[in-house]
Amino acid sequence: MESNGEPRGKRKQAPTTAHGRPMKQFKSDIDIIKMEEVANASGGETYSDAHMNGIELDMEDPRSSKHAAATADTAEWQATIEKVVKSVVSIHFCQTCSFDTDPALSSEATGFVVDAERGYILTNRHVVGAGPFWGYCIFDNHEECDVSPVYRDPVHDFGILRFDPQAIKHMQLSELQLRPDLARVGAEIRVVGNDAGEKLSILSGVISRLDRNAPEYSEGYSDFNTNYIQAAAAASGGSSGSPVVNIDGYAVALQAGGRADGAATDYFLPLDRAFRALECIRRGEHVSRGTIQTQWLIKPFDECRRLGLSADWEAAVRARFPKEIGMLVAEIILPKGPAALKIEEGDVLVKVNGELLTQFVRLDDILDSSVGKSVTLLVQRGGEDIEVTLQVGDLHAITPDRFVSVAGATFHNLSYQQARLYAVGIQDAGVYCCEAAGSFRYESAESGWLIQTVDNKDTPDLDAFINVMKDIPDRARVVITYKHLRDLHSLHTSIIPIDRHWSSKLRLAVRNDSTGLWDFTDIADPLPPVPLVPRKANFIKMESSKYAGAADVIRSFVRITASMPVKLDGFPRTRKIGYGLVIDADKGLVIVSRAIVPYDLCDISVTIADSIIVDGSVVFMHPLQNYAIIQYDPSLVQAPVKSAKLSSENIKQGSETIFFGFNQNLRPNVVKTAVTDITTVAIPASVLSPRYRAINLDAITVDTSVASHCGSGVLVSEDGTVNALWLSYLGERNTPHGKDVEYHLGLATPALLPIVNQITQGIKPSLRILAVETHVIHMSQARIMGISEQWIEKVEKEDPERHQLFMVRKIDSGHEGGLQEGDIILTLNDRLITRVSDLDVMYDHTTLDAVIVRKREETSIRVPTIPTQEFETDRAVVFCGAILHRPHHAVRQQISKIHSDIYVSARMRGSPAYQYGLAPTNFITAVNATPTRDLKSFLEETKKIPDNTYFRLKVVTFDNVKWVVTMKKCEHYFPTVEFIKDEGERCHWRRVTYEGGQAKRGEGEGGAGVMVGGQLDDGDGAGDDGVEGENGE
C-alpha cells in the first residue's frame, strides 16, 4: 500500500487516503524506527504488510521500493499473465476488533480465485485473521463484491474467503489451479498481485530454496511446522496473498512474507495444505487438523549429528531421500500437551508410524488424518533411539473461535499461536485478555495478559471467567491477579472497578463460518450496584514535617480517579489519576485540574485518607482556567476531612511559601520555597488534535525542583491558608516521541473565590466570556502599536507591578463580532485591564463597553460576551466507528471557520470510518448530498441508509479542504450509538442504539460491546489505547 509516493513496509496497513483527500494528521518516523528494531530483533523478517507487535505502522518504509517486472517478459509469459490477472483480486478488509495475535486494523491485500463456480478465494491467514473480519474484493475489471471467511488455518498462513459469483456481471470468472508439485528450485515465477496497494503489479523472480524454515515475525502471528519457499521478487505492502505462478499459469505457491531490511527476498507458502483444505471445503467436509503441540524445525545433517543423530540413521535417511539435506528437530514442546514429558527439545525425528520422515508435508498428512487417534514416533536423543506413542489432538479445539466482552474489555482462551510463541501450556493457563480496555486497562500493555483470578476465584479458562463475571455487581471493586506472556514469572495483583453501566452487556461472540460473521449473544444482565455504607478512616500524620500547620492541609486532599468510557474533545487518555482539594467538606465539594477530569462523561472515584472510596460527579467545569469542581456524598465518609481555607489575597512575587504537593508516586511532599514569578502564560495548543487547554491565565512558578514532579498540590502558608492551587495543565503533543506535555503551574486562589462561593451556596455559575485568546504586550511594543503616552502613564501608575496590556491573539470561530485579532484592550466597563484577573468582569455581563486601539486608532466599541454552557459536549454519536460531536471549544479556538456541527473527534480501528479514510478533525457537511448541519439532521439521514450499502459523505478537513468519502455501513459490528447528557440518569448520560433505523435505549444486539474503551484513533496516532483519533489508530 502506498501513500505520498512512498512504498509501504510489508505487513498490514491502515488505508491511506489515496482514494480521497489527505488527512490533516501525519504519523512521525517513530513507527519506522520501531519496525526496524523489531525486524532486526527477529532476523529482519516481516510479513507482506507492515504490522509488528500489534503496533500499526501508518508510515511508509523508506527502505523498500516499488519494483516492476525485472525483465521484459516473453510472449509466452505475457499470455500467461493476461490469463492469470483475471483471477487475481484486491482485498480491502477490516479486522474489526483485537483478537488473539491480531489488533483491530483496516488494510488491503491480494487473493486469487481458486473456485469460480463456488466463489472461493485463497489468500493469507494473516489477512483473513483469527477474529471478526469484514471486507470486499475488487476484480481486474473493477467490479466489487463482499467477501466473508470460510476457513483460516490454525497454524499455516493461508485462509479462504467466499464471494457470490452471481455478483460479478461484466466479466467471465476464471480460477487458478493449485499445483504445489511444480514448485522447483530454479523455476522462473511471477508474483501477480496488489503490490504496494496501488495497482496490479507483476514481479519476477526465481525460486532459490524449497526447504527454508517458516520465517518468525517476532510477536504476533507466525507460521510454523512447514517449510517455506524462498525467491527474489521484492514484493511490498498489499502483496500478501498474491499467487506465485509459473509460466504455464499454475499457482505453485502463495506470497506470504519478506524481509524488512530492503533485501529483495520473499517467502512463499507451499500450497500442499491449502490444496487439501480447498478440496475438503469443496466436498463440504470438515478440514481436520491434528497436533501434538510440538514445533519442529528443519535442521541440516551436520547440526543433527551434533544433537546425537547416529551415522546409521543418517545413512538410512540419505539413502531413502537423496535430495534431502536435513531432518526435523523438536524445537518447542508445550507443557501439559500430548508430547510433554515424552519428547524433548533437540530430539531428531526419524520415523512416524514406522515410516522414515523428513518432510513437514508428510508429518501434517499423518497428524491431520489421526485426530483423536494415537501415533508412534521414533526420535533420536543423544544417539539413543526413543519410541513414544502420542495422542493426536484437534488443532481447531485449541484455536479460539469465540470471545466474551465485558466491562469494556474482551477475553478468550489462550491460543496455540500464543502458547507456542511463549512455550506456555494451554490447559488452565488463564483467560487471555485480547483487548485490555475499560475496567481491565493496564498501564503497561494493551494485550498479552492472562487473567488468573477475579474476585479471588480462579479463571483458568473462558467458561470459568464468564461464571465469575456474571456474579459481580456493577461498580464493585474486585481483586484480580494476572500475568503477562512476556513475564510469566511475575504475578501481578490489582484492584479494579467493574463497569456494567457504560458497558452493561456480558456478550458472547461465536464464529459462524456459514455466514462469515460472528454471532453475538447476551449471556448475563448486569447486577445492580451494592449500596455503599459509611466508612471510618484517619489521615496520615506528617509528624516529621517542620511545618505542622501547613502539613495539616493533607486532610483537605482526596485522590481523584477519572475513567472516560468514550473519548471526547480530543482528550488523549481514558484514565487519569491525581489529587483534588476539598473546598467544602460538609457538602463534599472538591476542586481538581481539568487535566484529570476533562469532561463529565466519565466515572469519578474519590478516595479519602487512602482508605474510603466513594463515587463523585461533576458540578462545574471552568471554560478557561483549567479546573473542575466535583462532589461526593459526605454522609459516606466518617473521616476528619477539612475544608481548605482559601486566601482572598494574591500571593506576591518573591514571597516565601510552603509547597505541598503529590509526586508521580502519589506521595506527599512538603518543602519551603519562594514564588519566583507570576506571569501571564499561554499553554501551547495541540496542533494535530485540538483539546482543552487553559488560556488567559496568570501562572505562578516556585523556586523548587520538587514542584516540577508534582501534578497536584497547593502553595500554603504556615497557618494552613491556601494561597494558590498547584495544577497540571495539558499542553501539546511532543510529535517525535508521541508524548503529551503537561505543565505544572500555580493558580492564585482569589481567582477561584467568586465561583467557589456560588457553588458552596448551591448556585451553579452561569458564566459568560469573551471568545478571545490574548497575550501580553509591554510598553515598548504598545507605544509602537499606537498606545498614547497618556495611557502608558496610566498603566504605570495604576499597576506598578505589571506594566503590560493585552492584545487579542485569536478570536474563536463563529464569534467574530466585536473584538478583532490585533486589537489592544485598554478598558472594559471603564476598568483598566493590566492583569488576567481584570478580565473577570466579563463573567456577569452580556455586553462590555471597551476602549481599544485598532490599527493605531483608539476607539470605543460594545463587545458581546457568549454563554459558556455551549462549550461542553452534551451529545455524541458513534457512527460507523467514528465518534462525532459538536466542535468543542479547543477546535473553535484553533480554526478560522466551523464548517458544521458534526466534528470527527476519533475513530475506531478496524471500522468503516478507518477503512474509508474519514479522519479525526474532519467535519461532515452532507449525507448523500443532503446538507447536515448538526447531529440531529445527521442521524435522520443516516437512519435511512440500509445496512451493508454505500453512501456518500461530504467532508471538509481542518485545513478547509473539501472532499467526498464513500463508505459502507456495517451495523453488525458497528451499530450507531448516541450518548445524550441527561441529569435524570445515574451516570448523567443516556445511551441510545440505532439498528435498522430504529432507536433502542441502551446497547443494541450488534457489535462486540468493546466500543467503550476500545481501540480508537484520535489523530495523533498515540494515546493510551493505541487509538488514533483526535489523539491510539
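A pocket, on a 1 Å grid over the protein atoms alone, is an open set of points where a 1.4 Å probe fits, with protein on both sides within 12 Å along at least five of seven lines; lining residues have an atom within 4 Å of a point. Its volume is the space filled by probe spheres set on the points, which are joined across faces, edges and corners.

**Ground rules.** I am working with a predicted model, where local features need pLDDT of at least 70, side-chain atom pairs count only at pLDDT 80 or more, and totals for chains, interfaces and linings use all residues. Residues are numbered from 1 along each chain as its sequence is written, and side-chain values use heavy atoms, with hydrogens and water left out.

Entry: I looked up the second largest pocket and found about 870 Å³ of space in it. Its lining has 37 residues, with Ile495, Pro497, Thr561, Ser563 and Arg575 nearest the centre. The elements giving two or more residues to this lining are β31 (477–484), β32 (487–497), β36 (557–563), β37, β39 (603–608) and β40. Strands here are DSSP E runs of at least two residues, helices are H or I runs of at least four, and both are numbered from the N terminus. I sorted the lining by class and got 16 nonpolar, 11 polar and 10 charged residues. Asp, Glu, Lys and Arg count as charged; Ala, Val, Leu, Ile, Met, Phe, Trp, Tyr, Cys and Pro as nonpolar; the others, Gly among them, as polar.

**Entry: a barrel.** Next I followed β36-β37-β38-β41-β40-β39, a closed barrel of 6 strands with antiparallel pairing. The twist from one strand to the next averages 40°. Strands pair if DSSP finds at least two bridges between them; β37 (residues 575–584) and β38 (residues 589–593) have 3 and run antiparallel. I picked out Leu581, whose bridge partner in β38 is Ile591. Helix α11 (residues 753–760) packs on this sheet, touching β37, β38, β40 (612–621) and β41 (627–632), and its direction makes about 20° with that of β41. Axes are lines fitted to C-alpha atoms, for helices over the stretch in contact, and angles run from 0 to 180 degrees between N-to-C directions.

**Entry: Ala330.** Among the residues it touches are Trp296, Ile343 and Asp347, contact meaning heavy atoms within 4.5 Å. Asp347 is 17 residues away in sequence, yet the two C-alpha atoms are 5.4 Å apart.

Methods
Lists of a residue's contacts leave out its neighbours within four places in sequence.
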